[in-house]
Amino acid sequence: MANEAIKADTSVSQLRCIGCGRVALPDRFRCEHCRDLLEIVFPGWAEQGPAGLNAEDLKQLWAGRQSSFDPADRSGVWRFREILPEITKQKVITIKEGNTPVYELPRCARSAGVEELFAKHQGMNPTGSFKDTGMTVAASFARLAGYRWVACASTGNTSASMAAYAARGGLHSLVLIPEGKISWSKLSQSLDYGAITCQLKTDFDGCVRVLNEVVQRMPVYLLNSVNPYRVEGQKTVAFELLEQLGWEPPEHIIVPGGNLANSSAIGKAMREMKQLGFISRLPKISVIQAEGANPLVRSIRENGGEKLIPVHAETMATAIRIGNPASWKKALRVIRESEGTVEQVSEIEIAIAKAEIGAEGIGCEPASAVTLAGLKKLVTQGFVKPHESVVLILTGHALKDADFTLKFHRGDLFAGTPLESESEILKGQQRAPLVLEPNVDAVIDLLRSAEG
Ligand code: F0G
């Protein structure tokens with residue numbers, strides 16, 4: 001069977017259950033005993049550190065690779081390969097992912113009530129979302145294991161990313177997406193990259209249910225974020241961020257929450273960085289959900305995070321329209337150990353925040369904008385102090401959902417919805433396209449009135 005081939009040096013890295021702690025076979029996604037999720041741990045680090053190097057050596061090694069032209073060094077994920085499960089460099093499928101910028105957002109900082117605000121823009125990855133950092137790792141291991149097919153259920157970004165990496169690696173890919181509930185640009189990506197793309201008449205959670213059965217019956221490798229190799233790749237974002245900040249952790253990191261793998265990955269990275277001596281304290285990691293897709297917020301508020309309360313998810317931030325998140329326990333652990341929090345934001349708050357990030361010349365997709373909307377609430381509550389340093393994780397590029405942006409500026413985002421009357425508040429930020437005769441004076445008049 002193909003999956004026998006996923007082998008790592010088990011003295012260095014192992015797959016372990018997050019619930020009962022049992023070691024699992026490398027091709028599994030859930031514990032055979034308690035059905036909890038698995039994570040990759042690195043017992044080999046305890047003795048001598050990753051690849052026998054200490055934090056200072058690793059910092060230098062990674063910085064040095066930035067001037068290399070080796071494809072693995074050009075990748076912002078594989079540049080950090082010492083903290084990833086082992087794979088020969090030549091076997092890696094890379095599209096030069098990672099290496100994403102950190103931007104300062106001075107106007108958003110003012111609007112949120114903090115002195116300084118930074119955004120780590122994961123939308124600047126090759127397929128336009130943070131998914132590429134995890135996909136390069138998981139797709140590489142899928143190919144190494146001899147799989148010919150990979151598959152995912154998705155709200156659009158995972159599928160775009162998986163289809164691209166499968167194409168680059170010579171693998172076939174199967175995408176299950178909820179019909180009519182993802183943006184056209186994301187759908188178009190998976191078509192363009194050659195995936196077999198199925199729109200199922202259900203939501204994301206329904207797509208996951210179908211796919212979980214398919215992968216049990218067919219030799220297809222699951223690339224949803226329950227795949228622990230994806231989490232490892234997504235971890236590198238935090239290493240890269242800390243490198244960009246001179247290895248000084250910010251006080252707060254704010255992450256959007258959907259299936260809750262990204263917050264888990266960033267938290268795992270911080271835990272490992274502390275363990276390895278890169279940092280001496282953890283930043284507080286807070287997760288923001290849309291009000292209509294808030295299972296984690298509800299679970300923490302209503303039962304202290306004892307058990308997940310799945311919800312029927314509804315939000316225009318379609319990337320995070322998820323009611324039954326797989327990685328909720330991992331995310332909860334991260335929030336608790338980092339002393340972060342959770343918050344939810346309304347559709348109007350998301351739209352305003354997205355426009356504010358766009359107006360800084362940066363832009364992002366709606367799901368990413370929940371971070372700024374959430375930050376405003378956390379500042380008002382006093383959880384984030386004005387002088388504290390904050391990094392928002394922007395997860396997707398503005399062009400991922402141009403439809404949302406156009407509707408916003410034309411003023412019809414909420415037309416015909418119960419929020420129509422409330423949406424008056426957006427008027428100040430809307431810049432509808434103007435249609436004019438091809439007349440110089442008309443354009444000059446317009447310019448004058450805009451100046452005045
Ligand atoms: N932001 C964007 C742009 C996303 O696409 C997603 C998830 C998230 C945030 C949430 O991240 O799931 O790790 O908590 N998108 C998935 C997908 C589910 O299928 O593309 P998470």
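This is a predicted model: local features need pLDDT of at least 70, side-chain atom pairs count only at pLDDT 80 or more; totals for chains, interfaces and linings use all residues.
View 1. Cys152 is in no disulfide. Its nearest cysteine sulfur belongs to Cys207 and is 9.6 Å away. A disulfide needs two cysteine sulfur atoms within 2.5 Å. Cys207 is in no disulfide either. For Cys207, the nearest cysteine sulfur is that of Cys198, 9.3 Å away.

**View 2. Cys152 and Cys207 are buried.** Cys152 has a relative accessible area of 0%. Cys207 also has a relative accessible area of 0%. Buried means under 20%, so Cys152 counts as buried, and so does Cys207.

**View 3. Arg271 sits in helix 10.** This helix covers residues 261-275. Is Arg271 buried or exposed? Arg271 is buried, with a relative accessible area of 19%. The cut-off for buried is under 20%, so Arg271 falls within that class. Leaving aside neighbours within four places in sequence, Arg271 is in contact with Glu39, Leu282, Arg333, Val334 and Glu337.

**View 4. The structure holds one cavity of 30 Å³ or more.** The largest cavity has a volume of about 310 Å³. It is lined by 27 residues. Closest to its centre are Phe130, Lys131, Gly258, Asn259 and Ala319.

**View 5. Helix 10 gives the most to the lining of the largest cavity.** Its share is three residues. The elements that give two or more residues are helix 6 (157-169), helix 9 (228-244) and helix 10. What kinds of residues make up the lining of the largest cavity? They divide into 10 nonpolar, 14 polar and three charged.

Key
Residues are numbered from 1 along each chain as its sequence is written. Side-chain values use heavy atoms; hydrogens and water are left out. Buried means under 20% relative accessible area, exposed over 50%, partly exposed in between (1.4 Å probe, protein chains only). Helices (H or I, at least four residues) and strands (E, at least two) are DSSP runs, numbered from the N terminus. Contact means heavy atoms within 4.5 Å. On a 1 Å grid over the protein atoms alone, a cavity is a set of points where a 1.4 Å probe fits but cannot get out, and a pocket is an open set with protein on both sides within 12 Å along at least five of seven lines; lining residues have an atom within 4 Å of a point. Grid points are joined across faces, edges and corners, and a volume is the space filled by probe spheres set on the points. Ala, Val, Leu, Ile, Met, Phe, Trp, Tyr, Cys and Pro count as nonpolar, Asp, Glu, Lys and Arg as charged, and the others, Gly among them, as polar.
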